[in-house]
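Okay everyone, thanks for coming.

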Amino acid sequence: MSFSKKGNSFHGGCNGRVPPDHADTFAGMVSAVLRRSVGGRPSAVKLVARWTGAGERTVKNWFAGSCAPKGDHFRELVRHCPEMLDAFLVSVDRQDHLALAKVVQAEAVLLEALAAIAKLKR
């Protein structure tokens, strides 16, 4: 059996071309967030691969917007990149959940600040 010299062929949902204006797709959203949050680092692909356990070629496809991560990989992206959850909630029109999460974060910061102030008063 001989192997093709024209590169890798992917089996599954990633062999199709994604239109250039893929911003409204899940793959496009993931690509935009990855580029915004870690894209400027020289080792961004390796970093995301370490976070998710995915192969570097797969992560490069996520950055390119030609493929989207599956469930477990997406969960790990959200765990390490909070912007991913924000973008996902906005994409599914659930800004109310996003606002609630920000209120909970702000409350935690305020409680920490109040504890520090109380400690200084003693």
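Quick housekeeping. This is a predicted model, where local features need pLDDT of at least 70 and side-chain atom pairs count only at pLDDT 80 or more, while totals for chains, interfaces and linings use all residues. Residues are numbered from 1 along each chain as its sequence is written, and side-chain values use heavy atoms, with hydrogens and water left out.

Now the overall picture. The protein has 6 helices and 0 strands; helices (H or I, at least four residues) and strands (E, at least two) are DSSP runs, numbered from the N terminus. Of its 122 residues, 26% count as buried.

Back to Thr52, which sits in helix α2. Leaving out residues up to four places away in sequence, Thr52 touches Val59, Trp62, His73, Glu76 and Leu77; contact here means heavy atoms within 4.5 Å.

Next, the core. In soluble globular proteins, nonpolar side chains tend to be buried together. A nonpolar core is a set of buried Ala, Val, Leu, Ile, Met, Phe, Trp, Tyr and Cys residues joined through side-chain atoms within 4.5 Å. The largest one here has 20 residues, and Val30, Leu34, Val38, Val48, Trp62, Leu77 and Met84 have the most contacts inside it. Helices α1 (26-37), α2 (44-52), α3 (56-64), α4 (71-80) and α5 (82-91) each supply at least two residues of this core, and α2 gives the most, with 5 residues. Take Met84: leaving aside neighbours within four places in sequence, Met84 is in contact with Met29, Val30, Val33, Leu34, Phe74, Leu77 and Val78.

Last stop, helix α6 (residues 95-121), where we find Leu114. Is Leu114 buried or exposed? Its relative accessibility is 53%, so Leu114 counts as exposed.

That's the tour, so over to you for questions!

How values were computed:
Buried < 20%, exposed > 50% of the residue type's maximum accessible area, 1.4 Å probe, protein only.
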